[in-house]
Amino acid sequence: MKLTKLIFLFALSVVAFSCSSDDDGGPAPYEYNKDNLTGTYAIVSFQSKEVETVNVSGFDVVTTTTSIGDTFDFSAVFASNNTLTVNGTYRISETVTQGNQTSSDTYIVVVNNETGGYVVNSATSELTLDGDTYQVSNFSPTGFQLNLSETTTEPNGDNTVYTEELRFTKE
């Protein structure tokens, strides 16, 4: 009987020590870096908003322009040599509001294999595209999201706040 208890305790201790403390219970997160970014993506969403405040004779005049993209047939190729090539078409629905007046317009954007540069900053989760620095979020093997936010203030106090969001899925 003592031998059976010893074998049981030995087996129990082997099982207890074989469980590693570095078992995290799930897959490692998909790391945002240049190697993982390289590839072809479809752009599936675009939204932007620009709020321009201009002082006219002592009164602030605020103009808000909202743009929403749809009907995407648009691809972006991030090459390993830091070159971005974009190609395709999409439609923009734009709404401009000033005071209590609103106007709307719709137009098609056509891009024919335009190229530019890109820089990945893994440490800050940023992607710079031809000088504009976007925050990268939701980066995964199937896609990611980019957000841009810029505020410009003129010497006379007029200012513009621009925000943009793009979503990409890997092809």
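User: What makes the largest nonpolar core a core, and which residues have the most contacts inside it?

Analyst: The term covers a set of buried Ala, Val, Leu, Ile, Met, Phe, Trp, Tyr and Cys residues joined through side-chain atoms within 4.5 Å. Here 26 residues make up the largest such set, and L37, F78, L127, L129, F144, L146 and F168 have the most contacts inside it. At least two residues each come from β1, β2, β3, β4, β5, β6, β7 (143-153) and β8, with β3 supplying the largest share, four residues. Bear in mind that this is a predicted model, where local features need pLDDT of at least 70, side-chain atom pairs count only at pLDDT 80 or more, and totals for chains, interfaces and linings use all residues. Residues are numbered from 1 along each chain as its sequence is written, and side-chain values use heavy atoms, with hydrogens and water left out.

User: Which residues does F144 touch, leaving aside its neighbours within four places in sequence?

Analyst: Contact means heavy atoms within 4.5 Å. On that basis F144 meets L37, Y41, F78, L127, V136, S137, N138, F139, L166, R167 and F168.

User: What makes R91 and D70 a salt bridge?

Analyst: The rule asks for a side-chain nitrogen of Lys or Arg within 4 Å of a carboxyl oxygen of Asp or Glu. The closest N and O atoms of R91 and D70 are 2.7 Å apart, and the pair passes. It joins distant parts of the chain, since R91 is in strand β3 and D70 in strand β2, 21 residues apart. R91 has 31% relative accessible area, so it is partly exposed; D70, at 24%, is partly exposed too.

User: How many salt bridges turn up in the whole structure?

Analyst: Two. E165 and R167 form a salt bridge as well, with 4.0 Å between the closest N and O atoms. E165 is partly exposed at 22%, and R167 is partly exposed at 37%.

User: How do you know what the largest pocket is made of, and how much space lies in it?

Analyst: A pocket, on a 1 Å grid over the protein atoms alone, is an open set of points where a 1.4 Å probe fits, with protein on both sides within 12 Å along at least five of seven lines; lining residues have an atom within 4 Å of a point. This one holds about 500 Å³. Its lining has 23 residues, with F74, L84, V86, L129 and Y134 nearest the centre. Six of the lining residues belong to β4, which gives the most. By class the lining has 16 nonpolar, three polar and four charged residues.

User: What makes D130 and N138 worth a look?

Analyst: Most residues other than glycine have a negative phi. D130 has a positive phi of about 45 degrees although it is not a glycine, and N138 likewise has a positive one, about 55 degrees. D130 is in the loop between β5 (126-129) and β6, while N138 lies in strand β6. With 59% relative accessible area, D130 is exposed; N138, at 58%, is exposed as well.

Notes: Points joined across faces, edges and corners; volume = space filled by probe spheres on them. Nonpolar A, V, L, I, M, F, W, Y, C, P; charged D, E, K, R; others polar. Buried < 20%, exposed > 50% of the residue type's maximum accessible area, 1.4 Å probe, protein only.
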